[in-house]
Amino acid sequence: MELQDKTILLGVCGGVAAYKAAALLRDMRRAGARVRVVMTEAATRFITPLTLQALSGEAVYTGLWDERIANGMPHIELSRGIDAVLVVAATADFLARMATGRAEDLLSTIALARKTPLFVAPAMNRQMWEHPATRRNVATLLGDGVCFFGPASGVQACGDEGEGRMLEPEEILEALIAALTPRRLAGKKVLLTAGPTFEAIDPVRGLTNLSSGRMGYALARAAMQAGAEVSLVSGPVELAAPYGVRVSRVRSALEMREAVLQEATTADLFIAVAAVADYRAEEVATQKHKKENGRPPEIRLIANPDILAEVAALPRPPFCVGFAAESENLETFAEEKRKRKKIPLIVGNLIQEGFGGKTNRVILFDEEGSHPLPPGEKQAIAHKLIEHIAHLLEKTYARAG
Ligand code: C5P
């Protein structure tokens, strides 16, 4: 639960995209946040306060003169005890009002009275977003420390196509989590591998494994949220690219190796999560193997290069982290693998407990010994792992002076 113990004031403005506030609010609650909702009068024409009240489980406020707040000062009352203000479907008018410090409704008054960060997800027609007046207002707000989530490009409700479309709710949630996560990897470049590899035997068949890619994708996401520039080299999986992460899709171990080596020399951290096939066919048949002659084909296998060991052996290697998925003797095998590949940290897990699934149980092995992490969802484990890695990195840099 990445927003556990966080209270967010969600402001909704009067644009068509206001309807997306409902899905966003639901996702924020699922991520553990308490959400207080404030709507502009115009927003209530696009989505009802009752909908957002039901989803937040709290009263929704729309006016400066709300009598439900005992001290008669809802802007002060609502802007205290929160971790951030997030304004969605932010209109050109709302940006203009904020840029000039106007405070004629509850939401803009809170934007002035708050003591916490302000995040804004704009939504407007392309021409309005590009208008010099809006450009000026955005520049002013950036100068005031306001953080913008989007907008994105794409087809708009008005039929135009271009920049101004609000980010999707899940993208806004990602950006919010990232903005509230301590930036322990700020300025660092992180390279990861994830998923299985597929080693072709003939044009339609191949060797692969059941790795889902989930652990690697979760780690890429957690590294991005910790402030890193993240590049993910992914084997064939069905997962969508995590927000803010550059994904290169590859198929075989050799392709993965090439993509990794292109970036490894400039990376600060390399996390090898992929379940790389140990072997590939020495020769890939150009035509489909036939069974007519009754004899099974003979396929000679040769070993694939060990990408992680190769990166760890570079003259100035990034900090390397490996994974050891074992079916038995986890401690012995993982520690042996860490020493053989000459890497500072290996993450061990029993395949019965993590491989291919949504949850995992891992033990970390580094120079200081073993550290079990509490079992849980892969995303939660990814965050804990990134914290541990950031700590080890800080120690390594301190040692190197
Ligand atoms: O040697 P083994 O496959 O058990 O080691 C697992 C670790 O090494 C994982 O971190 C995996 O991503 C990495 N690896 C690799 N290239 C290979 C085999 C494994 O990078 N060919």
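View 1. An oxygen atom of the ligand lies 2.9 Å from a polar backbone atom of L308, in a model that is predicted. A nitrogen atom of the ligand is 3.0 Å from a polar backbone atom of I307. In the side chain of K341, an N or O atom lies 2.9 Å from an oxygen atom of the ligand. On its own the ligand exposes 450 Å², of which the protein buries 85%. A polar contact is a pair of N or O atoms within 3.5 Å; accessible areas come from the Shrake-Rupley method with a 1.4 Å probe.

Local features need pLDDT of at least 70 and side-chain atom pairs count only at pLDDT 80 or more, while totals for chains, interfaces and linings use all residues. Residues are numbered from 1 along each chain as its sequence is written, and side-chain values use heavy atoms, with hydrogens and water left out.

**View 2. The shell around the ligand.** The ligand is surrounded by 13 residues, and the closest are A272, A274, P305, F323 and K337. A residue is counted as near if one of its heavy atoms lies within 4 Å of the molecule. By class, eight residues of the shell are nonpolar, one is polar and four are charged; Asp, Glu, Lys and Arg count as charged, Ala, Val, Leu, Ile, Met, Phe, Trp, Tyr, Cys and Pro as nonpolar, and the others, Gly among them, as polar. At least two shell residues come from each of α11 (307-312), β17 (319-326) and α12 (330-341). Helices (H or I, at least four residues) and strands (E, at least two) are DSSP runs, numbered from the N terminus.

View 3. Strands β7 (residues 152-155) and β8 (residues 161-165) run antiparallel and are joined by four bridges. Two strands pair if DSSP finds at least two bridges between them. S153 has E163 in β8 as its bridge partner. Five residues lie between the strands of this hairpin, where G159 takes a positive phi near 100°.

View 4. G150 and P151 are joined by a cis peptide bond, with omega about 5°. P151 is placed in the loop between β6 (147-148) and β7. A89, in strand β4 (residues 84-90), has a positive phi of about 55° although it is not a glycine. Most residues other than glycine have a negative phi, and most peptide bonds are trans.

**View 5. The open parallel sheet.** Six strands form an open sheet with parallel pairing, in the order β3-β2-β1-β4-β5-β6. Its edge strands, β3 (60-61) and β6, each pair on one side only. Two bridges connect β3 to strand β2 (residues 34-39), and the two run parallel. Opposite V38 stands Y61 in β3.

Notes
A polar contact is a pair of N or O atoms within 3.5 Å; within protein, one must be able to donate a hydrogen and the other to accept it, and residues adjacent in sequence count only if both atoms are side-chain atoms.
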